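Dear colleague,

Please find below the structure I am handing over to you. My findings follow directly after it.

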Amino acid sequence: MNINLPNFNMKNLVREAGSTISRVVQLTEEKLGTTERTEYDLHFQNLAERADVTKSWTEKIVRDTESVLIPNPQNRVEDYIFEKIEKSRPKRLSNLEHLALDMIEAGGDFGQDLPYGQALIKVGQAEQKLGQCEHDFIATSGICFTQPLRKFLDGEMKTITKERGILETKRLDLDACKNRVKKARSMLGQQSKDGISPEAALEQAERDLRVAQAEFDRQSEITKLLLDGISTSQASHLRHLHAFIQTQVRYYKQCTDVMDQLQRELANLGGPTPYVPLELHDGIASKTNASGSGGGANRGGGSGNNTGMGGHRLNQPMHVNTDQMQRARVLCSYDAKDHTELNLNANEVIFVTECSPVSEDYMYGKQGLMKGLVPRAFLEMLDDEKDDERDRPANIAAF
């Protein structure tokens with residue numbers, strides 16, 4: 001029975017073992033401070049420091065971006081495993097899509113003809129669209145941003161780290177050769193040892209030093225060229241960052257469009273408590289005059305339209321903060337006619353200010369986070385009373 005054993009080159013094996021031992025001794029002496037070491041030039045140190053900073057921050061940015069795109073760490077680990085075994089990632093529903101399915105199903109059970117059921121279905125359909133936008137955003141962000149950065153870390157940065165390790169090995173060999181030359185020079189004039197004269201030992205040590213110096217210089221140039229390439233890589237990373245921002249802008253624009261459409265659909269549903277849209281792009285839309293002069297019936301003493309004198313449209317006052325508005329108490333409940341008005345409850349206190357242009361029938365009101373038009377006849381101004389009390393003499397106010 002013939003067994004084929006690999007051919008070992010014992011000379012190379014012994015040489016490598018000797019070099020390894022020499023490097024370990026050299027590194028140990030450097031740590032102890034008993035020997036000198038070859039220092040890299042300042043330019044190389046700056047390049048190496050920049051490479052270390054680039055590697056550290058790029059790793060953090062990739063991790064943080066992936067955490068934003070896929071918050072669930074278990075899903076990130078699962079995607080990483082599928083990527084390593086070169087299989088497609090599993091299709092999983094997002095939290096928005098789970099919410100959408102439950103809302104649509106609940107709306108069907110509550111009744112598609114009832115206001116609450118209709119609203120649930122509309123909202124569920126919008127959440128489905130948001131979920132799809134989220135899927136597209138995650139996929140596009142991975143392609144244009146995280147994958148290129150990870151490819152840089154796994155490719156170029158690993159190559160730089162490897163070449164820097166080789167350079168450090170060459171430096172240890174160089175310093176070890178320098179120490180052998182010093183030792184050989186100190187042996188000059190002494191007797192031969194092991195049949196080798198001090199002159200021959202010095203000549204061999206100097207020959208090894210020249211070879212080690214040439215290898216160190218060559219590896220240093222290779223490593224410098226790779227480190228200089230970091231600038232080009234950062235310029236590429238900047239383009240990827242711009243692409244990521246453009247992806248985010250498109251994503252949030254799509255989400256805004258979906259929610260604006262949902263607000264319009266909910267407002268059109270009407271019902272006993274109609275939805276009041278918040279912060280539409282064109283502000284509070286004005287109501288048109290009722291067909292014909294005086295054709296609209298007033299409700300609860302309020303005007304049948306919210307246009308000012310001369311048919312001017314009523315708009316939201318510009319740059320008005322809550323502390324610049326006045327407080328008013330609602331005299332009796334009021335149901336909004338459409339999405340431009342607020343629903344009012346008796347005795348509640350809201351903030352109001354004049355419309356632009358000023359209207360005899362309507363004021364612009366703020367009710368929590370909701371804003372809209374409110375009929376002036378349903379309001380009792382509170383801050384006016386407070387101002388009157390402040391104007392009274394102190395002795396009368398005491399009574």
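In this predicted model, strand β3 is largely enclosed by the rest of the structure, because five of its six residues are buried. The cut-off applied here is a relative accessible area under 20%. Across the protein chain, which has 399 residues, 31% count as buried.

The partners of β3 may be described next. Strand β3 covers residues 362–367 and is joined by three bridges to β2, residues 349–353, with the two strands running antiparallel. Within this pairing, Phe-351 has Lys-366 of β3 as its bridge partner, and Thr-353 stands opposite Tyr-364. Towards β4, the pairing of β3 is again antiparallel and extends over six bridges. Tyr-364 takes part here as well, with Leu-373 of β4 as its bridge partner. The strands β3 and β4 form a hairpin in which two residues lie between them. Gly-368, in the turn, has a positive phi of about 70°.

These strands belong to an open sheet of five strands, arranged in the order β4-β3-β2-β1-β5 with antiparallel pairing. Its edges are formed by β4 (370–375) and β5 (379–381), each of which pairs on one side only. On average, neighbouring strands of the sheet are turned by 45° against each other, direction ignored.

As regards the overall arrangement, the protein chain contains eight helices and five strands. Read from the N terminus, the elements follow the order α-α-α-α-α-α-β-β-β-β-β-α-α. Among contacts in the protein chain with a separation of 6 or more, 67% are between residues 24 or more positions apart.

At least two lining residues are supplied by each of α2 (42–69), α3 (73–84), α4 (95–110) and α5 (115–186). The largest share, ten residues, comes from α5. Sorted by class, the lining of this pocket comprises eleven charged, nine polar and nine nonpolar residues.

With kind regards

Terms used: Residues are numbered from 1 along each chain as its sequence is written. This is a predicted model: local features need pLDDT of at least 70, side-chain atom pairs count only at pLDDT 80 or more; totals for chains, interfaces and linings use all residues. Side-chain values use heavy atoms; hydrogens and water are left out. Helices (H or I, at least four residues) and strands (E, at least two) are DSSP runs, numbered from the N terminus. Ala, Val, Leu, Ile, Met, Phe, Trp, Tyr, Cys and Pro count as nonpolar, Asp, Glu, Lys and Arg as charged, and the others, Gly among them, as polar. Two strands pair if DSSP finds at least two bridges between them. Axes are lines fitted to C-alpha atoms, for helices over the stretch in contact, and angles run from 0 to 180 degrees between N-to-C directions. Buried means under 20% relative accessible area, exposed over 50%, partly exposed in between (1.4 Å probe, protein chains only). Contact means heavy atoms within 4.5 Å.
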